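Subject: Handover of a two-chain model

Dear colleague,

Please find the structure below for your review. My notes on what was found in it follow directly after.

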Amino acid sequence: MAPVPAGGLTFSADGKTATLQMTNLPIIDQPRWPALDAETTPAFMDFKLVFKSGVEPVKYEDPSRQYRFEGFEASAQLEARFSVPSIGFTFQSDPLETSRCDFAVMGEEVNGRYYEAPKT
Amino acid sequence: MSDPVMNRRRLLNLGVSSFGLASLPSRLIGAPSSPESCSPAIPQNHEASNGGSCPYPIPWLDKNGNHNQPAGPDVELSSIYHFKGKLGRCSGFHGMGTDNQGNRRPWGTATTDFSYMAGEYWAARQPHPGVFTHT
C-alpha cells in the first residue's frame, strides 16, 4: 500500500468515474514469488487506472470482522508501464481501452472503530 | 542459474495462481508500505505513547498487507482498518503489452488487483485524512 500524491486520484463530477494515476511508483520485481526465498529487484511502475460505476448495487458486510462496503458494481481498465532498471527490462501495456478485469466495485467502506453493527 | 529475463517473460504468460498482491505483469509486486515518517515517535517529556500515524492493516491480512484472497463479493476490500471513505477495488486484469525487446506478451492474472482508499483513518488516537492505493 502506498500514499497517493495530491491530484493522483480524481472523481468525475457525478462521482461515477474515478481515475487513479501515478508515476515512478516503487514496486518489487519478484519473479520467483511466492517462493519463501524469492529474490527481489527494485522496479517502478507508471499506471493509469479508470473505474466506472455501474448501476447494480452491492453491499458486503460482516459484523464479526467489522466492515461494511456499500456501492456499485463497476468496470475498471488499466494502462501501465513497468521497468526494472537494473536489468534493463521494461514492459508497456496496450492502451487502457484494451484491458479488462473480472471484478470491480466502487463505493464507500466503513470498518474497525467506524463500524456500527446493524441493530437487531 | 536461470535467465531472470526469461523467467519474467515466462511469467508474463503463465500468471500466478497463488492469492497475493497485485501481479503485474509477473511478480511485479505492489508498492511498499507507507513511508517511515508515520512510524511511532519517541515520546519526549513523558508524553503518552500513542503509536505512529501509519494506517492500521486489516488484522487478518499478512504483514505486507496482502489479502491472500481474490477481491470479490463478501470479502474485505480495504487494506486499512479503522477506515471510512471511498473505496474502489478491482482484480483479475487481463491485457496485452510489449516488452523492450518487442515481444508481445499477455499480462495479468486472477490476483492482479488494484484499489484506492480515500477518506479518514484512525491512528495514534486521532483521525487522519488520507488517500492510498494498493497495487
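A residue is called buried here when its relative accessible area is under 20%, exposed when that area is over 50%, and partly exposed in between, with a 1.4 Å probe and protein chains only. Trp33(A), at 15% relative accessibility, therefore counts as buried.

As to conventions, this is a predicted model, in which local features need pLDDT of at least 70 and side-chain atom pairs count only at pLDDT 80 or more, while totals for chains, interfaces and linings use all residues. Residues are numbered from 1 along each chain as its sequence is written, chains are lettered from A and ligands numbered from 1 in the order in which they are written, and side-chain values use heavy atoms, with hydrogens and water left out.

Strands of chain A

Helices (H or I, at least four residues) and strands (E, at least two) are DSSP runs, numbered from the N terminus. Trp33(A) sits in the loop that links strand S3 (17–29) with strand S4 (41–62) of chain A. Between Trp33(A) and Gln77(A) there are 44 residues in sequence and 25 Å in space, C-alpha to C-alpha.

Two strands are taken to pair if DSSP finds at least two bridges between them. S4(A) and strand S5 (residues 67–84) of chain A run antiparallel and are joined by 16 bridges; within this pairing, Val58(A) has Gly71(A) as its bridge partner. The two strands make a hairpin with 4 residues between them, and Gln66(A) in the turn has a positive phi of about 55°.

S5(A) also pairs with strand S6 (residues 89–93) of chain A, antiparallel, through 4 bridges. Here Ser83(A) is partnered by Thr90(A), and Gly88(A), in a hairpin that again leaves 4 residues between the strands, takes a positive phi near 70°.

A further antiparallel pairing, of 7 bridges, connects S5(A) with strand S7 (residues 100–111) of chain A. Gly71(A) faces Gly107(A) in this pairing, and Arg68(A) has Val110(A) as its bridge partner. S7(A) is mostly covered, with 9 of its 12 residues buried.

Where the chains meet

Which strand of chain B does S7(A) join? The partner is S4(B), which runs antiparallel to S7(A) and is linked to it by 10 bridges. Val110(A) is bridged to Lys84(B) in S4(B).

Taking contact as heavy atoms within 4.5 Å, 60 residues of chain A touch 70 residues of chain B. Buried area is the accessible area (1.4 Å probe) that two parts lose on being put together, summed over both. Between chain A and chain B this area is about 5600 Å², and carbon and sulfur atoms give 64% of it. On the chain A side, Met1(A), Trp33(A) and Tyr114(A) lose the most area to chain B, together 17% of what that side buries.

Nonpolar cores

A nonpolar core is a set of buried Ala, Val, Leu, Ile, Met, Phe, Trp, Tyr and Cys residues joined through side-chain atoms within 4.5 Å. The largest has 30 residues, of which Phe47(A), Leu49(A), Phe51(A), Cys90(B) and Phe93(B) touch the most other members. At least two residues of this core come from each of S3, S4, S5, S6 and S7 of chain A and from strand S4 (83–99) and strand S6 (113–123) of chain B. S5(A) supplies the largest share, 6 residues.

Leaving aside neighbours within four places in sequence, Phe47(A) is in contact with residues of both chains, including Leu20(A), Met22(A), Leu78(A), Phe114(B) and Thr133(B). Another core, of 17 residues, lies apart from the largest one and has Tyr67(A), Ala71(B), Val75(B) and Ile80(B) among its members.

Aromatic rings

Rings of Phe, Tyr and Trp (its six-membered ring) pair if their centres lie within 6.5 Å; planes under 30 degrees apart count as stacked, over 60 as edge-to-face and the rest as tilted. The count comes to 9 aromatic pairs over all chains. One of them is the tilted pair of Phe82(A) and Phe91(A), at 6.3 Å centre to centre and 35° between the planes. Phe82(A) is buried at 1% relative accessibility, and Phe91(A) at 0%.

Phe47(A), Phe93(B), Trp107(B) and Phe114(B) form one aromatic cluster.

Yours sincerely
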